[in-house]
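Good morning, colleagues. I would ask you to keep the sequence and the structure in view while I speak.

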Amino acid sequence: MEAAGGEAGGRQREAVAAMAMDMDDLGCPRCKTTKYRNPSLKLMVNVCGHTLCESCVELLFVRGAGNCHECDTLLRKSNFRVQLFEDPAIDKEVEIRKKVLKIYNKREDDFPSLSEYNDFLEEIEEIVYNLTNNVDLENTKRKMELYQKDNKEVIQKNKIKLTREQEELEEALEVERQESERRRLLIQKEEQIQQILKRKNKQALLDDLEKSSLPASLLLAQHKDRSTQLEMQVEKSNQVRPVTFSTGIKMGQTISLAPIPKLEEALYTYQPLQVETYGPQVPELGMLGRLGYLTHVRAASPQDVAGGYTSSLACSRALQDAFSGLFWHPN
């Protein structure tokens, strides 16, 4: 027991040490503060992809702009954002991809063929890779500027189309939010009414027990019946009728309810598969033991049977392989 406890404690210490090493890797490269020493440390990243903690950003960019401490790129304080991923290069790629897709915003409908659209997507990935890894930056930026100049109208049209789609989505989400809020308020009101009726029913029971000459058991039974009826009424009132179906069709909308015509088709009849093996017929599974084929086949253990293995099945498959093609003659 002591050895087991010591081993478990050792594994726990190793796990804690590994976690500490991982958190040591997440830190500010300038002030050397880590997540392990300061769990509330907030790391920030800019367009160059290099990390700084929030305190260092406030200190180095007090005038609103400055150079990166690693690559000397001119940065603005307003462009710093919270680092979302452990690897700041991923944050850099995400930000670059957003900017590139604002310019390269063509859709599949804008191309005459799927092949040209795929070439367009490959071009986007090449641009994102170059900007992320600082490969041929000048030519890549010049290429983007030229594309933006030549496709200004298409870019603006797709931007308007995307904005319109986002507005429609936001309107749909707002309608759904209002409907959810309406249902919540309605349920809350019903619950308040239910609580008030329960209190009144309870007070009526106390008054009856105090003033009535009827037996207490009879009064309690009447009270129980009233409570049951009250709960049934509340359940009926809580059934809020939806305004739309799951398909998006509004309630009350006129739709065709004509029955779908049935197609008269013949039922499928199973026909056993006939395979020409060009060899002798393999005996049935039940005959293999009687004919002596299972004499030298390993018997199935309980574990084999649980997995679906049987001696007869394995022997039958071996015989099929051995008999196939014995009668075949080339023409």
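Let me begin with a term: a residue is called buried when its relative accessible area is under 20%. The model before you is predicted. By that cut-off, 20% of the 331 residues of the chain count as buried. The chain exposes about 26100 Å², and 54% of this area is supplied by carbon and sulfur atoms.

I turn now to the secondary structure. The chain has nine helices and five strands. Read from the N terminus, the order of elements is α-β-β-α-β-β-β-α-α-α-α-α-α-α. As for contacts between residues at least 6 apart in sequence, 49% join residues at least 24 apart.

Next, the interior. In soluble globular proteins, nonpolar side chains tend to be buried together. Which residues of the largest nonpolar core touch the most other members? This core has 14 residues, and the ones in question are Val 100, Tyr 104, Phe 120 and Met 144. Three helices, α3 (88-103), α4 (114-132) and α5 (137-150), each supply at least two residues of the core. Its largest share, six residues, comes from α4.

Let us take Val 100 as an example. Leaving aside residues up to four places away in sequence, Val 100 touches Ile 124, Ile 127, Val 128, Leu 131 and Met 144.

Thank you for your attention.

Definitions and conventions: Residues are numbered from 1 along each chain as its sequence is written. This is a predicted model: local features need pLDDT of at least 70, side-chain atom pairs count only at pLDDT 80 or more; totals for chains, interfaces and linings use all residues. Side-chain values use heavy atoms; hydrogens and water are left out. A nonpolar core is a set of buried Ala, Val, Leu, Ile, Met, Phe, Trp, Tyr and Cys residues joined through side-chain atoms within 4.5 Å. Buried means under 20% relative accessible area, exposed over 50%, partly exposed in between (1.4 Å probe, protein chains only). Helices (H or I, at least four residues) and strands (E, at least two) are DSSP runs, numbered from the N terminus. Contact means heavy atoms within 4.5 Å. Accessible areas come from the Shrake-Rupley method with a 1.4 Å probe; for residues, only the protein chains shown count as cover.
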